[in-house]
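Here is a friendly tour of the chain you have on screen. Let's go through its layout, its confidence and its core.

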Amino acid sequence: MQFLGHPVGIRGNEEADTAAKAGLQLTVSNNTRIAATDYTADVSKLCHNEWQRSWDEQTTNKLHSITPTIGTNKSLEQVTRHESSVLNRLRFGHTRFNHFYLLTADAPPGCSSCNCQVSVRHILLECVNFNAVRDQYFRTTSLEELFDKVSARRILDFIKDIHLFHCF
Ligand SMILES: [Zn+2]
């Protein structure tokens, strides 16, 4: 048996090898060749757009009115370093507010309107004093959902609006 030229497999390997040497290029629809490292950002943007598009179609989803733009909670939002650390303290319950009462061994103040102890949870979700303001920013009954679904901006603006930002 005699081969005329290379068997297909070998030629395929050579082409792959040539492509590898050329720096891993892709040929896109308009015949422009782009390096692999150049398109990862575009692919990630495309995925995000797809995700947003399907989210936009879910107009009956109640969470949609609260978080109309997805995937922006942590990375793309304009949150200062200080705001971000306040938010983390709220999230993990390690607030200056809590620490102060632990250190002084005094009982935390009670909320006279609700007749209960003031806590981060009480302020963020429960206190009737803030119901009207809270309703403008979010509506949820769990801290988990609050930090998961509500944008950082809204949570921060809420605690600023009720003048408690500097307590945390
Ligand atoms: Zn209260």
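Reading from the N terminus, the elements come in the order α-β-β-α-α-α-α-β-β-α-α-α-α. That makes nine helices and four strands, where helices (H or I, at least four residues) and strands (E, at least two) are DSSP runs numbered from the N terminus. Please keep in mind that this is a predicted model: local features need pLDDT of at least 70, side-chain atom pairs count only at pLDDT 80 or more, and totals for chains, interfaces and linings use all residues. Residue numbers start from 1 along each chain as its sequence is written.

**Confidence**

pLDDT is the predictor's confidence in each residue, from 0 to 100. The chain has a mean pLDDT of 71, with 46% of its residues at 70 or more. Helix α7 has the highest confidence, at 96, and strand β1 (residues 25-27) the lowest, at a mean of 45. Over residues 24-29 the pLDDT is below 50, and this stretch has 13 contacts in the model beyond near neighbours in sequence. Residues 1-8 also stay under 50, and there the model has one contact beyond four places in sequence. Two residues are in contact if their C-beta atoms, placed from the backbone, lie within 7 Å.

**Burial and the core**

Of the 168 residues in the chain, 9% are buried. A residue is buried if 20 or more other C-beta atoms lie within 10 Å of its own, exposed if 12 or fewer, and partly exposed in between, with C-beta atoms placed from the backbone. Among contacts between residues at least 6 apart in sequence, 40% join residues at least 24 apart.

Which residues of helix α9 are buried? In α9 (residues 152-161) they are Ala 152, Ile 155, Leu 156, Phe 158 and Ile 159. Seen down the helix axis, these buried residues fall within an arc of 155°, so they line one face of α9; the arc is that of the directions from the helix axis to the C-beta atoms. An α-helix has 3.6 residues a turn, so residues three or four places apart point the same way. The cover over the buried residues of α9 includes α4 (81-92), α7 (131-137) and α8 (143-149).

The largest nonpolar core has 13 residues, and among those with the most contacts inside it are Val 120, Leu 146 and Ile 155. A nonpolar core is a set of buried Ala, Val, Leu, Ile, Met, Phe, Trp, Tyr and Cys residues joined through C-beta atoms within 7 Å. Helices α4, α6 (120-126) and α9 each supply at least two residues of this core, and α9 gives the most, with five.

Val 86 sits in helix α4. Val 86 and Leu 156 are 70 residues apart in sequence, yet their C-alpha atoms are 8.4 Å apart in space. Leaving aside residues up to four places away in sequence, Val 86 touches Phe 165 and Phe 168. Ile 159, leaving aside neighbours within four places, is in contact with Leu 164, Phe 165 and Phe 168.

| Residue | C-beta neighbours inside 10 Å | Class |
|---|---|---|
| Val 86 | 23 neighbours | buried |
| Asn 115 | 7 neighbours | exposed |
| His 163 | 8 neighbours | exposed |

Most residues other than glycine have a negative phi. Asn 115, although not a glycine, has a positive phi of about 60°, and it is found in the loop between β3 (110-111) and β4 (116-117). His 163 also has a positive phi of about 60° without being a glycine, and His 163 lies in the segment after α9.
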